[in-house]
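Welcome, and thanks for taking a look at this one.

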Amino acid sequence: MANPGYGKRSAPSQLPRSERDFAHLPPREASIAAYLDHLPDGADISVKTLAKVLPYGQCALRTALNRLQGAGHLRRGSECVANDEVLLWVTRTFFSRTARDDTWWAAFTRGDVPPEQHQRPTRSRAFVLLAALGRAAPALTLSAADCAALEPRVADWFSRGATEAEVLHALTEGLPTPVHHAAALVRRRLADKMPPERVAPAQRRTLLRTLECGECHAPGSPEALIGGRCGPCRGTPVDAPAGPAGTVPATGVRSRMSEVRAAMTPRSERTGRPTRSRLP
């Protein structure tokens, strides 16, 4: 594992693992990506550590990580971790099993990850509670069809701010003996004990996160880091900043200052000859 604040961080909203996750990569990069994918969050994935466990040297690993970055599986950057006393910037290496484009990484940096369109369907919070209801009260064991039919009613409770504990208490407290029809009893209680609206206003957490170039490690905006690399590292020329008339380019500052100093030096010191004073 890496030191606190360093190491692997899994990107959110990834698709389930499959045998074709890294089929688009060359064999070396695919094997390294598969190894990184199975490491837990916080694992040290620096080239020095990887070289100790993988059959590749540090130079080869550095090249492979850069290629994974270009393919949309990896980004390097920093993230602000806040508590009640201090704001601390920590180094992050974000890894995504699902390849992402630059637009997705830009949204991720802003904390606005777009929803995944091909996620495997999962059971809702309401369905899971109903399916597990028999563990809290065996007399209320429901079938899959019953859970699906009652799911919207429990979801309505959650939309009003109710917690799982409140729903369970309302459904299981003071049950009659025996329970003749579990689904009918649950439906009646969900309707009769429906709580009032008490939804608290949502508070959006401000996310502070930056990305950096995978080669020179210079920080930059996600839009400028195409494929995880900045313009100069991609070979894009950088125009010199414009200035007022007479501005000296940064490359000519030293020579210009030397000329200014020479002009300010007395002529006798420049030539090394003593000056003659004229007698009246």
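For the packing angles that follow, axes are lines fitted to C-alpha atoms, for helices over the stretch in contact, and angles run from 0 to 180 degrees between N-to-C directions. Please keep in mind that this is a predicted model. With that in hand, helix 7 (residues 144-159) and helix 8 (residues 164-172) have axes that come within 10 Å and cross at roughly 130°.

**Helix 7 with helix 8**

- Angles from 65 to 115 degrees count as roughly perpendicular and those over 145 as roughly antiparallel; helix 7 and helix 8 are therefore oblique to each other.
- The crossing of helix 7 past helix 8 is right-handed.
- On the helix 7 side, the residues that meet helix 8 are Val154, Trp157 and Phe158, and their partners in helix 8 are Glu164, Glu166, Val167 and Ala170.
- Sorted by class, this contact holds 5 nonpolar and 2 charged residues, with no polar ones.

**Helix 7 with helix 9**

- Helix 7 also packs against helix 9 (residues 182-192), at an angle of about 15° and with the axes 10 Å apart.
- An angle under 35 degrees counts as roughly parallel, and helix 7 and helix 9 are therefore described that way.
- Here the crossing is left-handed.
- Helix 7 brings Asp146, Leu150, Arg153, Val154 and Trp157 to the contact, while helix 9 brings Ala183, Val186, Arg187, Arg189, Leu190 and Ala191.
- The class count for helix 7 with helix 9 is 7 nonpolar, 4 charged and no polar residues.

**Helix 1 with helix 3**

- The axes of helix 1 (27-37) and helix 3 (residues 58-70) come within 10 Å, crossing at roughly 80°.
- That angle makes helix 1 roughly perpendicular to helix 3.
- From helix 1, the contact takes in Arg28, Glu29, Ile32, Ala33 and Leu36; from helix 3, it takes in Ala60, Leu61, Thr63, Ala64, Leu65, Arg67 and Leu68.
- Of these residues, 8 are nonpolar, 1 is polar and 3 are charged.

**Salt bridges**

- Across the whole structure, a search finds 9 salt bridges.
- One of them pairs Arg17 with Asp37, whose closest N and O atoms are 2.9 Å apart.
- Arg17 sits in the loop between strand 1 (8-10) and helix 1, and Asp37 belongs to helix 1, so the pair ties together parts that are 20 residues apart in sequence.

**Hairpin and backbone details**

- Strand 4 (residues 209-212) and strand 5 (residues 219-220) pair in the antiparallel sense, over 2 bridges.
- Within this pairing, Leu211 stands opposite Gly220 of strand 5.
- The hairpin has 6 residues between the strands, and His217 takes a positive phi near 65° in it.
- Most residues other than glycine have a negative phi, and most peptide bonds are trans.
- Thr177 and Pro178 are joined by a cis peptide bond, with omega about 0°.
- Pro178 is found in the loop between helix 8 and helix 9.

How values were computed:
Residues numbered from 1 in each chain as written. Predicted model: local features only at pLDDT ≥ 70, side-chain atom pairs only at ≥ 80, totals over all residues. Heavy atoms only, no water. Helix = DSSP H or I, 4+ residues; strand = E, 2+ residues; numbered from the N terminus. Left-handed = near helix turned anticlockwise from the far one by under 90°. Contact = heavy atoms within 4.5 Å. Nonpolar A, V, L, I, M, F, W, Y, C, P; charged D, E, K, R; others polar. Pairing = 2+ DSSP bridges. Salt bridge = Lys/Arg side-chain N within 4 Å of Asp/Glu carboxyl O.
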